[in-house]
Amino acid sequence: MVNSYDFSSEDILDFSQDKFERKVNKFREKPIYITWEITNACNLHCKHCLLPDIGHPLDDELNTKEAFDVVDKIVDAGARNVLFSGGEPLLRSDILEIANYASQNITLSLQTNGYFLEESALELRNIGFKHIQVSIDGSSAKSHDFLRGKGSFEKAMNGIERCKELGFPLITIAAVVYKGNFNEIDEMINFGINQDIDFFELRAFAPLGNNELRSQLALSMEQRKELYKFIAAKQQKIKNVGSEDPYIYMLNKRILDTCLDISNQMTCIGCAAGIIGCTIKPNGKVFPCSSIPIEIGDLKNEKLSTIWKDSPILQQLRDRSGLKGKCGICEYKFICGGCRGSAVIHSDGDIMAEDPLCWYKPNLSN
């Protein structure tokens, strides 16, 4: 095994670029997974939610027949993994009908706030859901309920316990770290591990949007840095702790060494938006990911396979030579790439702009 500490910044860039481009070429023909926000409706009003008019379905949400057609287009595109999310997906009255139809050809996952999970778990298990991800934003009701509402922690925990009783193959917890729970990160991780679940995922509160509350909840740049350094250190000892945010890949030495080992085909590509998957909104509109507000297609009148292969936006995301600012000169751009959602929102729409939420200062020069 090579050691990343033996490499110069130029070496890191060269070695990771070769692996990145091979990986991207592998996925150009079909997506690996799809996130499907099946409804905008939600029973909670979480302080950190990015969805529009949360709590209410969109006026043009897909009906059952249209949803079946979307399932067919997902299968036709070659994707075999779908994560149902929302809003709160369990609020959609025909979710079980749609999921049952999809289960014939697709591996199913569910992302939920957990409020209705206890009473729905048996039906989800019978349909064949393989993965249940529940949002838990703290090690106690105090910090969780502050973001999501009174009583939501207890309901989510009851849902997790029911899923464990039923033996779901994969049960995970996803946590948002904000100023109010930043000092209990270690307790949160220990809490997650003690729940006897398969994976505990953390990510920083996303300060996307302009309202004052969001800015009050957002971590400082130094706190973000400390959070991901802490997660990376934990990963060295505990394999079922991590983060989907791309910054983690340049901090975890074990992962970094794998990315730079030319004898090992495994690698990490960081921000996977439009590279290995994309997001379908409740009305059938397609986006590179949930946090990138750029529409790339409409499944009411287009094929997902065509969108995946031909979208100019997706072509941009797959070519990191076009990254700008500090992301463009960063030696880790093929391992991390920055969060493209953050880049878009903070640059008035430029998907290749630098990510202003990243603290790292590249060692390369223009």
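Student: How many cavities of 30 Å³ or more does the structure hold, and what makes a space a cavity?

Tutor: There are 2 of them. On a 1 Å grid over the protein atoms alone, a cavity is a set of points where a 1.4 Å probe fits but cannot get out, and its lining residues have an atom within 4 Å of a point. This is a predicted model, in which local features need pLDDT of at least 70 and side-chain atom pairs count only at pLDDT 80 or more, while totals for chains, interfaces and linings use all residues. Residues are numbered from 1 along each chain as its sequence is written, and side-chain values use heavy atoms, with hydrogens and water left out.

Student: What is the volume of the second largest cavity, and which residues line it?

Tutor: Its volume is about 50 Å³, where a volume is the space filled by probe spheres set on the grid points, which are joined across faces, edges and corners. The lining includes Cys271, Ala273, Ile275 and Arg340. The largest cavity holds about 90 Å³ of space, and among its lining residues are Met250, Lys326, Tyr332 and Tyr360.

Student: How is the lining of the largest cavity divided by class?

Tutor: It has 8 nonpolar, 2 polar and 2 charged residues. Ala, Val, Leu, Ile, Met, Phe, Trp, Tyr, Cys and Pro count as nonpolar, Asp, Glu, Lys and Arg as charged, and the others, Gly among them, as polar.

Student: How do you know whether Ile231 is buried or exposed?

Tutor: Buried means under 20% relative accessible area, exposed over 50%, and partly exposed in between (1.4 Å probe, protein chains only). Ile231 has 0% relative accessibility and therefore counts as buried. Ile231 lies in helix H9 (residues 221-237).

Student: Which of these classes does Ser305 belong to, and why?

Tutor: Ser305 has a relative accessibility of 14%, which is under the 20% limit, so it counts as buried. Leaving out residues up to four places away in sequence, Ser305 touches Asp76 and Ala77, where contact means heavy atoms within 4.5 Å.

Student: Why is Asp348 placed in its accessibility class?

Tutor: Its relative accessibility is 79%, which is over 50%, and Asp348 therefore counts as exposed. Asp348 also has a positive phi of about 60° although it is not a glycine.

Student: What makes Arg318 a residue that lies over the face of Trp308?

Tutor: A charge sits over a ring if NZ of Lys or CZ of Arg is within 6 Å of the ring centre and within 35 degrees of the ring normal. Arg318 is at 4.5 Å from the ring centre of Trp308 and is listed as lying over its face. Lys155 likewise lies over the face of Tyr115, at 5.2 Å from the ring centre.

Technical notes: 1 Å grid on protein atoms, 1.4 Å probe; cavity = no way out; pocket = protein on both sides within 12 Å on 5 of 7 lines; lining within 4 Å. Helix = DSSP H or I, 4+ residues; strand = E, 2+ residues; numbered from the N terminus.
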